[in-house]
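The structure comes first, then the notes.

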Amino acid sequence: MTAQNSATASGRIAVVTPPKTPKTPETSAAGGTLQAVLGVTAFSLTFPATAWGLEGFGPWSLVAVRSVLAALIAGACLLVTRVRLPDRDHWAGLAVVAAGVVAGFPLLTTLALRTSTTAHAAVVVGLLPLTTALFSALRTGHRPSRTFWTAALAGAAAVVAFTVQQSGGALTTADLYLFAALLVCAAGYTEGGRLARVMPGWQVIGWALVLCLPLSVPAAALALSYEPVRLTAHSVTGLLWVAAGSQFLGLVVWYRGMAAIGIPKASQLQLAQPLLTLVWSVLLLGEHLTAAAPLTAAAVLVCIAVTQRARG
């Protein structure tokens, strides 16, 4: 008779400690970083895809329809996997994600892109990592190191300088939309990253999208009745990407990555997003880059490396 069986036979409860299992790619630092990078790559295509979508849809139609399509994809996934409704304590956070990431950021940036180039709009993404880290510090009480903040500020300054230089340094009325988008998106990212620690990341964005359906469906119907629609290969491709790629799949891996490596560190990976967006803009929209691009890319990559190694 083993020691465990003897303890049971004598009336005592044997406590068996399960063996520790290694971290999965979903929760490990390496896996979290990879998923965050995939999210950034998906987001980098958002502005070029939006520019394509605006070739055939009005701004209000594009935003509302993309939200409906993304919500249908998310809702189908939630139904097929029979996911329970979130706890009551999570709905307030999901509402912040819905307002910031599902509705606010897409609408504000789409309105800005009517008159702004993708290069100029990319300044928002350049400032987003720093703003997200600030929101995270305020919301969670987490205080990254001085090295982290120094590298984050340097990276943000490099991206801002590059994107402003790309746009000729001229400020437009679209900047108001862009700065507002920056704030609401940072709030949505922070709250989504916090929720992704207690529920799967894909469920965070999935429930946020479903939460918007009572507003997005009538909004889409109303917008389509007022704004003309011209279906082309570009407009349909752009719509499908911003709905499935940017609005759902990209956010799924992004929130999972933030949950694994932390909001501040994940947010700094987005410093590379404006540069990726500019590459896509050249390939897909025919925009031109200056010689400053490789220098800025090197500076940003150094800042990313420092933030990832800094204690945060």
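**Cavity and helix packing**

The structure holds one cavity of 30 Å³ or more. A cavity is a set of points, on a 1 Å grid over the protein atoms alone, where a 1.4 Å probe fits but cannot get out. This is a predicted model, in which local features need pLDDT of at least 70, side-chain atom pairs count only at pLDDT 80 or more, and totals for chains, interfaces and linings use all residues. Residues are numbered from 1 along each chain as its sequence is written, and side-chain values use heavy atoms, with hydrogens and water left out.

**Largest cavity**

- Its volume (the space filled by probe spheres set on the points) is about 180 Å³.
- The lining (residues with an atom within 4 Å of a point) has 18 residues, and Phe43, Thr46, Arg66, Phe105 and Tyr189 lie nearest the centre.
- At least two lining residues each come from helices H3 (46-53), H5, H6 (118-140), H8 (174-195), H10 (233-261) and H12 (273-285); helices are DSSP runs of H or I with at least four residues, numbered from the N terminus.
- H5 gives the most to this lining, with four residues.
- By class, the lining has ten nonpolar, seven polar and one charged residues; Ala, Val, Leu, Ile, Met, Phe, Trp, Tyr, Cys and Pro count as nonpolar, Asp, Glu, Lys and Arg as charged, and the others, Gly among them, as polar.

**H5 against H9**

- Helix H5 (residues 91-112) packs on helix H9 (residues 201-226) at about 75 degrees, with the axes (lines fitted to C-alpha atoms over the stretch in contact) 8 Å apart.
- That angle makes H5 roughly perpendicular to H9 (65 to 115 degrees).
- Contact (heavy atoms within 4.5 Å) involves residues including Trp91, Leu94 and Val102 of H5 and Val204, Trp207 and Cys212 of H9.
- This contact has 13 nonpolar, no polar and no charged residues.

Notes:
Axes are lines fitted to C-alpha atoms, for helices over the stretch in contact, and angles run from 0 to 180 degrees between N-to-C directions. Angles under 35 degrees count as roughly parallel, over 145 as roughly antiparallel, 65 to 115 as roughly perpendicular and the rest as oblique. On a 1 Å grid over the protein atoms alone, a cavity is a set of points where a 1.4 Å probe fits but cannot get out, and a pocket is an open set with protein on both sides within 12 Å along at least five of seven lines; lining residues have an atom within 4 Å of a point.
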